[in-house]
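Trainee: I have a structure open and I'm new to it. Could you show me how to read its features one by one?

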Amino acid sequence: MKKKTQTKKKTNSKYYFDRSAGLRVVKFIETFCRHTKGEWAGKQIKLAKWQKDQIIIPAFGHRRISDGMRQYRTIYVEIPRKNGKSTLAAPIALYLTMADGEGGAEVYTAAGDKEQARIVYGVARDMIAQDPILEKAVESLKDSIFHKKSMSVMKVISAEAYTKHGFNSHGIVIDELHVQPNRELYDTLVTSTGARSQPMTFIITTAGVKDTFAESVHDYALQVQKGIIKDETFLPVIFAADEKDDPFIEATWKKANPGYGTIIKKDYFRMQSNRAKNEPTFLNSFLRLHLNIWTGSTTAFIASHDWDKCNHNPILLENLKGRECYGGLDLASVR
């Protein structure tokens, strides 16, 4: 029987799916990129199924029928800590710099401050140092990686956006969007991609605090995911627990963490869960960083599940008429 090798599939009138285009990126990562830290340091990266099937292959495989260029311009990945964010983001930055077929590509790794931005860049530079083929192909400096053949460059930048105008970005990798103080850097970088034929903005972040710029991007991603907003160039990939889920059971941990039990250790999660259960000021950090639940503040004095227990009956204003009232006024100066 003849084996079917078809990889292209039409998705609608404007786009088609070419799995081989996504697999090319997978092959690049698994051939040239190695782990740089921990027990797997120096070992070849073997991507997990969820990394391939939910992020890389869809991001690079969906194409426009009109010109064969990529459909998605923004890839938004929201995932809890310790699920290998940097180990995924750094190879994508390298691919966009070295193997995407873009001459003179400008690729930027960005974050709220330069130290954070340097994490992904540092991992990419360490991956280059471990592979003789990559090392020969580039010139690696403190803040930039220059690919000789394509005349492309990868640079590390931070949130001082007023200095970032004039870029001609092909690839943007934003780490931990939730620590961005405002949307200035984001807008500056994204609007710098207009002259490129298939630029990619790859955002990878954990959840943050509500009523911030980052939450507005999160909300946009959710609305695209639910079909409320139609944006065919935006790919949302969100791994998270729901606010109603019990944060202290393993089923919730698995739901939010695709790398639970493989990338992220079970014992570590139990330890963090016990701490959150017994230390209310740590609970919000646990919800945000490990379950990807957006919270109203970074810390809470009273655990939310304890607060909810106080809600015995609805409060009827009619029943309070004529009763003595006490008011609390916070006079702390914030502006």
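Predicted model: local features only at pLDDT ≥ 70, side-chain atom pairs only at ≥ 80, totals over all residues.

Trainee: Let's begin inside. Which residues touch the most other members of the largest nonpolar core?

Mentor: The general idea comes before the case. In soluble globular proteins, nonpolar side chains tend to be buried together. Here the largest nonpolar core has 49 residues, and Ile55, Ile56, Phe60, Leu94 and Phe202 touch the most other members. Several elements give two or more residues to this core, among them helix 1 (19-32), helix 2 (49-61), helix 4 (114-130) and strand 10 (200-205).

Trainee: Which helix gives the largest share of this core?

Mentor: That's helix 3, with nine residues.

Trainee: Now the rings. How many aromatic pairs does the structure hold?

Mentor: Twelve aromatic pairs. To read one, look at the distance between ring centres and the angle between the planes. Take Tyr220 and Phe234: their centres are 5.2 Å apart with 75° between the planes, which makes the pair edge-to-face. This pair also links distant parts of the chain, with Tyr220 in helix 7 (residues 213-226) and Phe234 in strand 11 (residues 234-238), 14 residues apart.

Trainee: Is Phe234 buried or exposed?

Mentor: Phe234 is buried, because its relative accessible area is 5%.

Trainee: Which residues form an aromatic cluster?

Mentor: Phe28, Phe32, Phe60 and Tyr95 form one. You've met Phe60 already, as one of the residues that touch the most other members of the largest core. A ring can have a charge as a neighbour too: the charged end of Arg275 sits over the ring of Phe282, 3.8 Å from the ring's centre.

Trainee: On to the charges. How many salt bridges does the structure hold?

Mentor: There are 20 salt bridges. When you read one, ask how far apart the atoms are, and then where the partners sit along the chain. In Glu39 and Lys265, the closest N and O atoms are 3.0 Å apart. These partners are 226 residues apart, so the pair links distant parts of the chain: Glu39 is in the loop between helix 1 and helix 2, and Lys265 is in the loop between helix 8 (250-256) and helix 9 (266-278).

Trainee: And how accessible are those two partners?

Mentor: Glu39 counts as exposed because its relative accessibility is 55%. Lys265, at 39%, counts as partly exposed.

Trainee: What about Lys49 and Asp53, which also meet in a salt bridge? Why are they separated by about one helical turn?

Mentor: Because Lys49 and Asp53 are four residues apart in helix 2, about one helical turn lies between them. Their N to O distance is 2.7 Å. Lys49 is exposed at 62% relative accessibility, while Asp53 is partly exposed at 30%. For another case, see Lys321 and Glu318, which form a salt bridge at 3.5 Å, N to O; both residues are exposed.

Trainee: Which residues are linked in a network of salt bridges?

Mentor: Look at Asp242, Lys244, Asp245 and Lys255, which are linked that way.

Trainee: Last, the surface. Which residues make a nonpolar patch there?

Mentor: Ile315, Leu317 and Leu320 make a nonpolar surface patch of about 360 Å². Leu320 lies in the segment after helix 11 (304-309) and is partly exposed, with a relative accessible area of 41%.

Trainee: How far apart are Ser13 and Arg64 in sequence and in space?

Mentor: They are 51 residues apart in sequence and 9.3 Å apart in space, C-alpha to C-alpha. Ser13 lies in the loop between strand 1 (8-10) and strand 2 (15-18), and counts as exposed because its relative accessibility is 63%.

Technical notes: Residues numbered from 1 in each chain as written. Heavy atoms only, no water. Patch = residues over 30% accessible without salt bridge, like charges linked within 9 Å, V, L, I, M, F, W, Y side chains within 5 Å. Areas by Shrake-Rupley, 256 points an atom, 1.4 Å probe, with all protein chains shown as cover. Salt bridge = Lys/Arg side-chain N within 4 Å of Asp/Glu carboxyl O. Buried < 20%, exposed > 50% of the residue type's maximum accessible area, 1.4 Å probe, protein only. Phe/Tyr/Trp six-rings, centres within 6.5 Å; stacked < 30°, edge-to-face > 60°. Lys NZ or Arg CZ within 6 Å of the ring centre and 35° of its normal. Core = buried A, V, L, I, M, F, W, Y, C linked by side-chain atoms within 4.5 Å.
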